[in-house]
Amino acid sequence: MYRASTLLFGLLGFSTALLAAQDGGTPSETSGTTLRINSRAVLVDVIVSDAHGHPVTGLKQNAFTVTEQGKPQTISFFEEHRTNAPAAQPVSFPKFPPNVFSNFSPVPQPPAVTVLLLDSLNTHIDNQSYVHAQAVKFLKTAKPGSRMAIFAMGLGLHFIQGFTDDPAVLAAALGNKKNNEVETSVMLKGQDESNAQSNVVAMMSEQMGNGATAASAGSIAALQNFFQENDDSRTVDRNLLTLENFQRLATFLNSFPGRKNVIWFSEAFPLVISGNFDPRLGEITGRTMDMLAAARVALYPVDASGAAPLEIYQAQTQLPASTHDPAGMLNAQNASRLGDDQQRDANQTTMKIIAEQTGGKAFVNGNGLAHIIAEVAGGSGTFYTLSYAPPDAKMDGTYRRVEVKVAGGNYRLLYRRGYIALDDDLPGSGETLRAKAIHHLAEKNPGAIDPLLPFMDLGMPQSQQILFETKIQPVPVGDQPRPGDPKSAAARYDIDFAIDAKDLRLAQGADGLRTGILNISLIAYDRYGNVVSRNDHVVRLQIKPDVWTVYQNSGVQLHADIAVPKGNYWLRTGVYDQQTRKVGTMEIPLANVQPRTDAANANSSAR
């Protein structure tokens, strides 16, 4: 059962100031996260649909057969996941006063999460605007239940909104110009540049009489070759940067369990350039696919150009200035159509290959992008997870081909088609490797590892093991810096916590005093995931009986603050109970915090 959050503010006279209560603690008090480390296994997520594209449910393990390198494998683990059924009553999120936020969600934990990836690096600006409008259209009509996040890819990978069940939050983030700006790709060839190059070649090819042209055939060919080499080099550089951004995304997504469906809106990402596969792309492409496999990421590329007309028929396209006669115009059109067809085919071929290799699906030649988002978000949450021990225990870096078959019908299957035999790259290994790394750090530095560390990355799904609310108010920075303040602090926020007492296990003494130890973490991130400010506290609770009576209704009250530089940031807060090892986390854009009234500022100064 998912209980509503009913904590109340207004009783902050009882609150504990974390700065005053901070204590380093002993190793036994500050450590204690239990980490389960799995044995080596290959994990495969399989989406099964019928001839009409509808998910097939209720299949049993004995319907599935798995082979690796053509050899049958024994399935050691099998689980069916289903998209949450629509609630009998419409799901609604609690309404809070201004500047009050909660980590409570009325939506059950979904079996898979979705990322909307808006790619400005590989998409012309007019198509970016169309993708943006379609995404907003979907979010404004979507119902709560699909856990989504939004990222943007330009010269770097940056953050728009972390995982949330509330489509209204996603729509607001996408509509915030501070978070998302449609931008011209400096690495993508534009139509103006194409027109200029065509005109230069046309002028050099101008007929001068007696079969002669303004420039020699060799000069024209040399210039065209130069243009092509420059275009190819720029395309390779753009592809390398795209793959590096995907590696960053995979690193982030491997920090939590489950299947991740990435809907990637892009326009131009050819791995075959001028008829050849550039060797510079080989190693990084393979490494990127491996990292996505380890993080259980399935890519759903969507051609952002949709069913757009060929370039020759677009208003901004100019025919060469020397094209005067109908025959010349027809030849120019035919050449342009051929070039467009080849380029679009190269882009879409890459999309289809990447989708198949990661267990997703490519969408091309369609304009209903909002419908595509709904299809992926609604249909990719119903799937089966299989696991088996690889027959060849040697992790020698070779590619292992995986094939899955399902008996009983003419089914369509989406799953990852293979993996690289390295421990770091086994499908689904990302979470295990992260757990191992944290475990080794804790062993090497007893007591020094924050138990909230695995849960505090920007954009991660919020944890609800401990429910809490925060009241966040902007206050003057003040003349005297506080411990943990960044050097260029330009804003300060007071944060009042109300933690659900039912989610804490506090020892009760003979005198009725309740005691316990909590870890509290506050981290401010910029849009690229960099930490700009951080405050961590260990709080020793000693709550008298009369105060405990109040806290059972109001929540356990704590107070902290954090300062940030000038800019646009996200605040992630976390609570960890050392007795139960339960965690609660919350993340909000500080842009959502409203300015205080003059009266509130006066009260803060008097505090």
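I'll start with helix H7, where the buried residues are Leu 281, Ile 284, Thr 285, Thr 288, Met 289, Asp 290, Met 291, Leu 292, Ala 293 and Ala 294. Keep in mind that this is a predicted model.

The length of H7 can be checked. The helix covers residues 279-294, which is 16 residues, and at 1.5 Å a residue it should span 22 Å. Its end C-alpha atoms lie 24 Å apart, which agrees. Just after H7 comes Arg 296, with a positive phi of about 60 degrees.

Next, the sheet. It is open, has four strands in the order S4-S3-S17-S19, and the pairing is antiparallel. Strand S4, residues 71-73, and strand S19, residues 418-420, are at the edges; each has a single partner strand, so one side of each has no neighbour in the sheet. On average, neighbouring strands are turned by 30 degrees against each other, ignoring direction. S17, residues 399-406, runs antiparallel to S19, and three bridges join the two. Arg 401 sits opposite Gly 418 of S19.

Now back to phi. Most residues other than glycine have a negative value. Which way do the next two go? Gln 69, in the loop between strand S3 (64-68) and S4, has a positive phi near 55 degrees. Asn 99, in the loop between strand S5 (77-81) and strand S6 (100-102), also is not a glycine and has a positive phi of about 70 degrees.

Are they buried or exposed? Gln 69 has 42% relative accessibility, so it counts as partly exposed. Asn 99 is at 5%, under the 20% cut-off, and therefore counts as buried.

Terms used:
Residues are numbered from 1 along each chain as its sequence is written. This is a predicted model: local features need pLDDT of at least 70, side-chain atom pairs count only at pLDDT 80 or more; totals for chains, interfaces and linings use all residues. Side-chain values use heavy atoms; hydrogens and water are left out. The expected span of a helix is 1.5 Å times one less than its number of residues. Buried means under 20% relative accessible area, exposed over 50%, partly exposed in between (1.4 Å probe, protein chains only). Two strands pair if DSSP finds at least two bridges between them. Axes are lines fitted to C-alpha atoms, for helices over the stretch in contact, and angles run from 0 to 180 degrees between N-to-C directions.
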